[in-house]
Amino acid sequence: MKDFHLEKRRLVLSGIAVGIIVIYLVRLFTLQIMSDDYRKSADSNAFLKKIEFPSRGNITDRNGKLLVYNQPAYDIMVVMNEAENRIDTTDFCRALNITKQYFVQRMNDIKDRNKNPGYSRFTQQLFLRQISDTQFSAFQEKMFRFPGFYIQRRSVRQYNMPIAAHVLGDLAEVSQSDIEDDNYYQPGDYIGKQGIEKAYEKDLRGVKGVQIMLRDAHGRIKGHYQNGEYDQKPVPGKDLKLGLDAKLQALGEKLMEGKLGAIVAIEPKTGEVLCMVSSPTYDPRSMIGRMRGKNQHMMAIDPAKPLLNRAIMGQYPPGSTFKTGQAVTYLTEHTTDPIHSLYPCHGGFYFKGLHVGCHFHPSPLSVVPALGTSCNGFFCWGLYYMLTNPKYGNVEKALDVWRDYMVSMGFGYKLGIDIPGEKRGMIPNSAFYDNAFGKWNALSVISISIGQGEVNLTPLQIANLGATIANRGYYITPHVVSTVGGKPLPAKFHQRHYTKGSRAAYQWVIEGMKASVAGGTSHGAVHPGYQLAGKTGTAQNRGRDHSVFMGFAPVDTPKIAICVYVENGGFGAVYGVPIGSLMIEQYVNGKLTRNDSIMAVTMQHRHIDYGFDRPMTHADSLRVDSIKRVMAVKDSIRKAEEDKLAKERAAADEQKAKEEQKKKEEKQGKPLNDPAVIEDNEPKVETEREHKPKRDSEKDRE
Amino acid sequence: MSPSTRKDDQQGILQSLDWWTIGIYIALLVLGWMSVCGASYTYGDTEIFSLSTRSGMQIIWIGTSIVLGFIILMMDDRFFDTFSYVIYGALLLLLFLTIFNPHEIKGSRSWLVLGPLRLQPAEFAKFATALAEAKLMSTYGFDIHRWKDFGSAALIVLLPMICIVGQRETGSALVYLSFALMFYREGMPGSVLFTAVAMVIYFVVGIKYENVMLWDTPTSVGKFVVLLLVQIFTSGMIWSYVKDKRMTRIILTYSFGITLGFLLFSEFVIPFDIVWVQLIMCAGLIGFLIYQGLSTRFINYLYIGLFAVGSIMFFYSADFVLNDVLEPHQRVRINVLLGLDDDPAGAGYNVHQSEIAIGSGGLRGKGFLNGTQTKLKFVPEQDTDFIFCTVGEEEGFLGSAAVLLLFLALILRLMYMSERQPFKFGRVYGYCVAGVFLFHVFINVGMVLGLTPVIGIPLPFFSYGGSSLWGFTILLFIFLRIDAGRNLIRQ
């Protein structure tokens, strides 16, 4: 029968069935019994890893005064898988004081993988960031009713004084690229974005700890895995001590009020930065927490560019302060004799039809009075004689020798300060001129001798020049941090960088700077009790001249070298000298005399009207529309606020009293329970922009 | 038929009913319900019998299934024979109408919503198709070797498949491929089955190792192995269909010798792509087969040649199909299966998590309702397609092996019962049932174990859901009813 042959096929079919099941049994056996890996993976799934965040390191000034500390804040986290459709939304929204719409939108945003790339239904996702203490306690009471919602304790940065925003920097939530660069970070973590917070991120952040909790099938926590054997305690971040002097910094920011520019002060012996003011500045507290994005945007469109750290990013012509370095070069190269080289200057430098103007003073003169009177003619001749000196062969080689001197003084390259964003400035070499001019000679480049033309320095570099002179020929790479967790910085911040200038040449320059203070352009800087060396600068630019001062004191045991740079301030003696001398006095004496305090207040209120009518840069013109819009909005807000202010004044006084009480508590070391963003009434350094509305009335008074 | 014979009939059913199958069925139902409990249980729930939970609902499905099974056993066995085409026609119409169903659930239109009930007609079409197939093939004079007869038998399977693909339930449609086992039993040439298996091997090996290079030569391992397999399979076919052992040996010797020679040349002298050599060799082999076929007039040579040509054409078009014809999610699933995309958080997430869940079960499992993996919802679709995870995690190797062996026992028992049918109708239907169960277990457990593609089809009696449970119950109990009537002598 035909079927009989086919009946054998049942064996084939049974064989297939048996074969499949046997293969599956073998696979089951390997999965479940042979291998331990899957059990481990399953364990990790059943674990609840509780991350414990370390406290970020505190930051103090050189005298141990607390500048930056931490304050507890609470994030609300959600595990979608547990939360969805299991909570009473109305009740939840009331507990957190949010609208139902916001709740729905937030939940959708979390689930949207475009907005939240790391989304998983099974892990904690950030629902609400940094809720205040009161909200936290209200929410915590009702927590048991909201399965799937958790509270993550974090800390936010808080600032004791509204100063040094540019130096201290700020924190923000990590970006996707931060996470990719360093797998230490997880979404929702915070990372330093600017200043010290960024540069010392790894020291400040510490190491996250983890508690491994066991969960059973009901999701209940069953205690620590292996009695906590694998738990890790968080390692707190290291505290930083800065070279910064908080009082000096605060004074500097006051003095620079209403002006654009920068002050940098350096301790010559150590290279520690004593103060670094960039004006306009802002309150670092405005960059905390949920307000950060909005405030940063406001500042980014501000034409005064408050976010720019002019002290290290502003590249300015150094003006006459540069002449000190020139003098060192000419004297060391012996192309100018300190005593016998007398160069004429009758109202300037006249040679072969070229004219560089100068003011009235006796002529001819040698290097010391030339520095004292800040004679342009002298230094033009000085550079001319150097570049045309036959010992170099040709002008190109001579210029490159000159350039090497400049570079050895820290110009033209980044000094390597320990905060990010430093610019290198500009020192031309012969190749640069070959490119730019084609054919050139000593006269075509003569303006670099007086710190004009192609030369650009950052205020930090100018201050460093002061430190180099104070040290008689070397500098130490400037740095804002003095110790990390009690330990000094690496060796590169202690090493002496010797310039090519000779000690004798520096001595002559110091004499010149002393002369400048004694009876020359810097005579406004005289103070009893210590001797001061200084040099003014009046840097020409397209608009009004910049006012510059560079100096150090005391002359024989230098404690401070300083650079003051006020944009469009006019003569160096107008803004540079008084601000510089007040700063030096504050630091050397620790306080200002009564007269000088009055002087400081006067300086504080002498604002420069930039008006931003100056020839606009390209970037400005791009921004101008948005600025106009912002200004219009601001004006209307201001009007409304002024009305409100009168009513609130009474209330404000009361609050002040409270604040003071709170401060006392802080000093006693009680827990700091302030909300993340404090609206305070402390006097803060106001930026130029904030002052604008008041200007008219002030002018009337003046 | 007098009332007394009818009564005898009923008693006869109870006696001749296959109680082994009933026992396995009940055991699977109980284990299945426990798994649904474990999989759908969320912590905080206290009532596994409550109708608001899936485990509670599953009790209703199980209860109604048993009632359904009982009703079927009470029916006259000739009912199915008589009305098989009517049942098939009605369900085919329903399947066709479902294509235009406005309710879409997870991108599929296969669900019919009738008030509180949601039914998947595709689950019921299986027994209807099996009945129609049994009816057709048991008609007098049906011969599967006749193209016309085979064509109509194939059409009966194809029609519901097309409708189900139209509902975007490709997975359910693939189940109908299991009818091939029945065709094989009923006389379909074994070479067809072998060819199908060979195609699967080409596809998997060729795609998976396409981008792996053979040592230092610019040769794709995938292509190399597939072309070598084509030559081996071809010579194997010469062995079994021409019975010329000498020729087979010569062909194999030449194939291996020449391949090895060029391989060494490419490896040590001048690197080049050996695939070209292999293609030339295959072309030579095919030419030789055609020449032999024409000169000896032995048609098998030509068929073997056709197999070789088809193999190569299939392999080269497979890549094209994978990249241009399949939909992205299907492509991803195939890639994941072949281990091309190893991405635990992406498309392979389900499989990876289910492997973890099963692996964590160990020998004895974590105990009823104590699985952490499935409880904490790490495994998606855990109470439907991925339910076997729960078995693996909570019952361990012992439990899951027992479940697999129960399924094996059921399938073997069904085959045994099919063979004892006095009529072809019962045998064909029985093999259809066995094939459907085998296919479901093969694909579903295979995907949970990471061995077969992730195709969303349920595990019989385990996966949560009324439609599939009812469908499988009807499928099984109709056969039990037919089987129970085997000893009845009719006029």
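Helices (H or I, at least four residues) and strands (E, at least two) are taken here as DSSP runs, numbered from the N terminus. The model is a predicted one, in which local features need pLDDT of at least 70 and side-chain atom pairs count only at pLDDT 80 or more, while totals for chains, interfaces and linings use all residues. Residues are numbered from 1 along each chain as its sequence is written, and chains are lettered from A, with ligands numbered from 1, in the order in which they are written.

Chain A has 26 helices and 21 strands. Contacts are pairs of residues whose C-beta atoms, placed from the backbone, lie within 7 Å. Among contacts in chain A between residues at least 6 apart in sequence, 72% link residues at least 24 apart.

We can begin with the loop between H16 and H17 of chain A, where Ser374(A) lies. Ser374(A) is not a glycine, yet its phi is positive, near 55°; it counts as buried, with 27 C-beta neighbours inside 10 Å. Helix H17(A) itself covers residues 376–387 and spans 17 Å from first to last C-alpha, close to the expected 16 Å (1.5 Å times one less than the number of residues). Eleven of its twelve residues are buried, so H17(A) is largely enclosed by the rest of the structure. The buried set includes Phe378(A), Phe379(A), Trp381(A) and Tyr384(A). Among the elements covering these buried residues are helices H15, H16 and H18 and strands E13 and E14 of chain A.

E13(A) and E14(A) run antiparallel and are joined by four bridges (strands pair if DSSP finds at least two bridges between them). Gly348(A) stands opposite Gly357(A) of E14(A). Two residues separate the strands of this hairpin, in which Lys352(A) takes a positive phi near 50°.

Two cis peptide bonds deserve a mention here: Ser279(A) to Pro280(A), with omega near 0°, and Ala553(A) to Pro554(A), with omega near -20°. Pro280(A) is found in the loop between E12 and H13 of chain A, and Pro554(A) in the loop between E20 and E21 of chain A.

The largest nonpolar core holds 123 residues, with Ile263(A), Val264(A), Ala265(A) and Ile562(A) having the most contacts inside it (such a core is a set of buried Ala, Val, Leu, Ile, Met, Phe, Trp, Tyr and Cys residues joined through C-beta atoms within 7 Å). At least three of its residues come from each of domain 1 (48–240) and domain 2 (246–605) of chain A, the bounds being those of an automatic or database domain assignment. Beyond four places in sequence, the contacts of Ala265(A) include Leu248(A), Ala463(A), Ala561(A) and Tyr587(A).

Conventions. Buried ≥ 20, exposed ≤ 12 C-beta atoms within 10 Å, placed from the backbone. Contact = placed C-beta atoms within 7 Å.
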